[in-house]
Amino acid sequence: MASAPLIDSAASPPGSGRVAPSWLRKAFRSSEAALIVLAIMIGSAAGLLSVVQGTLAQAMQHLLYALSPDERLSAATTIPYLALLALPAGGAVLALFSWVTHARRRRMVDAVEANALHGGRMSWSDSLVISGQTILSNGFGASVGLEAAYAQLGGLVASLSGNWFALRRSDLRILVGAGTGAAIAGAFGAPLAGAFYAFEIVIGAYTISALAPVAAACLASVLVAQAFGAQPYLVAANAGEQIETFHYLLYAGLGACAAGAGILLMRAVAEMEAATRKLPIPSICRPILGGLLLIPLAMLTPQILSAGHGALHLNLEAEVSLRFLAAIFVVKCAASIISLGFGFRGGLFFASLFLGSLLGHLFAGSLEWMVGSPVIDPHNAALVGMAALAVAVVGGPMTMAMLVLEATHDFSLAGAAIAASLVSSTIVRELFGYSFSTWRLHLRGETIKSARDVGWVRTLTAGKMMRRVERATPCNTTIAEFRRAFPLGSTSRVLLVDDHENYGGIVQTASAFAEEVDQKAPIGSLAIHTGLALTPDADIRSVMTTFDTEGADELAVVGSDGTVLGILSESYARRRYAEELDKAQRELFGES
């Protein structure tokens, strides 16, 4: 896969004139303290950008739906039916914005993909488009969250800064994780959750070298967001009854339920997207139709609108029936599926938190109904379910557990959230294998399942490892002629081409000197692997799989037109893979 079209001038290499002076680059590349200072500045910028984006989206909602100053859209008691026309209108504005920015013609890279495949390099133009689409979608009331926009711009600031200082690949990936984690930390007012988001979702591993920069960025982001008066997504929540030991088993069951719900939700979004592509309407009109379909759901309850911040707090604090909670759960799922399936941009981060709180309430209520008396506290179950379902969809069990801890300051409840989250995460990995972001990448043809750095695997191709062959031997050359041209000891294998200069196989030199061969016969009669070759863009893993499957020692590398380019041996490919893997691991753990 070629990554060049995805990366614009923001990622210029050293020497292009778009990097810091050499003395400054050297200072930041050689000093861990300087990297931490840079992370603090990035975190501060990410926190400020989160405030700006959140303010823009909320201002749009207040203007379009005539909300009171302190009112959240999803917590509104009533919304005039005429105001709900903002939903299809928002679809039209989003479609126009996407058309003007050519969004549907480009493959935009988020922070997870950037860290996994591109060494942390992100495009500023793509990131602005993603942020704009998300703000418009959320601002007009579609059932999506702003977290994708927050993380995108936080990661972008880090990527631009790291490229300006020409940082190493490993340091750039750490900074991108720090920037995205800081953006989430600023939005939620939760530095621990933001830090674990960076490690689990964006960097893909916990490393000592990344700890200080990530933590510093997240703390700086929260301080800046609070200084600008940002209202965190998760307000302080009080835990319910004391957690007993046997409750952990029950919460593990809640985690299993959350895993199933998360898998169904992610598959439903994919199925809806596939179904909308088959509709006999232009793709640019899909968000408009999606907005129209959201209107009857919003008439049932405003809680389906936007990400659900106000609705989550409302349901946590109010005493409502299980039937009402079940109805809200179903309708909110439908709204999120429609919003994403019909082309609105955003994520399921907060929607999964909201849905998880409803699932936890329903779980506690169902146990009480079956047993005849309360078994677990519904408020506690809502908070644990919130974490478990978010883990199933977003990933990051410690991220969500820390979110519960920072919301409640209750360690026993955080322990229950960890138990449920680990069960949920394990089941989703076993049965599904993806989070929502990597699932969408999978549908697009990628195979990554986390943000671990696998970009080097993509760049280590057969074309880069092969030994070039200037001129191959014709298949119709006689064995006698071949013996004179390639005496024993000169080479072990020779590549052959047919009359049309296309690949014709490999001949082992020793086989041409066997006593029983007819020296007048063409050398092509001794060829092996005639129908087997590598493409120059085949990555190292597919190369090794081919060697293992076919039992070959050496294979030709052939272009798409059949032209012989070179030859690659199994031993050399395995040695290069081991070298690059060792290098990646040393960079990951901060070794020199």
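1. A salt bridge here is a side-chain nitrogen of Lys or Arg within 4 Å of a carboxyl oxygen of Asp or Glu. Accessible areas come from the Shrake-Rupley method with a 1.4 Å probe, and for residues only the protein chains shown count as cover.

2. Keep in mind that this is a predicted model: local features need pLDDT of at least 70, side-chain atom pairs count only at pLDDT 80 or more, and totals for chains, interfaces and linings use all residues. Residues are numbered from 1 along each chain as its sequence is written, and side-chain values use heavy atoms, leaving out hydrogens and water.

3. Now the patch itself: Leu48, Val52, Leu56 and Phe228 make a nonpolar one on the surface, with about 360 Å² of accessible area together. Leucine 48 sits in helix H2 (residues 32–65); helices (H or I, at least four residues) and strands (E, at least two) are DSSP runs, numbered from the N terminus. Its relative accessibility is 35%, so leucine 48 counts as partly exposed (buried is under 20% relative accessible area, exposed over 50%, partly exposed in between, with a 1.4 Å probe and protein chains only).

4. Stepping back, the protein has 23 helices and 6 strands. Of its 592 residues, 56% are buried.

5. On to the inside. A nonpolar core is a set of buried Ala, Val, Leu, Ile, Met, Phe, Trp, Tyr and Cys residues joined through side-chain atoms within 4.5 Å. The largest one has 138 residues, and Tyr65, Phe188, Val214, Tyr251, Leu353 and Met400 touch the most other members. Helix H15 (residues 378–394) gives the largest share of this core, 13 residues. Apart from it lies another core of 17 residues, including Met466 and Ile540.

6. There's an open sheet of 3 strands in the order E1-E6-E5, with antiparallel pairing. Strand E1 (467–468) and strand E5 (554–558) are at the edges with a single partner strand each, so one side of each has no neighbour in the sheet. Two strands count as paired if DSSP finds at least two bridges between them; 2 bridges join E1 to strand E6 (residues 564–569). Arginine 468 stands opposite glycine 566 in E6.

7. Another open sheet of 3 strands runs E2-E3-E4, with mixed pairing. Strand E3 (residues 493–497) and E4 are antiparallel, joined by 5 bridges.

Definitions and conventions
Patch = residues over 30% accessible without salt bridge, like charges linked within 9 Å, V, L, I, M, F, W, Y side chains within 5 Å.
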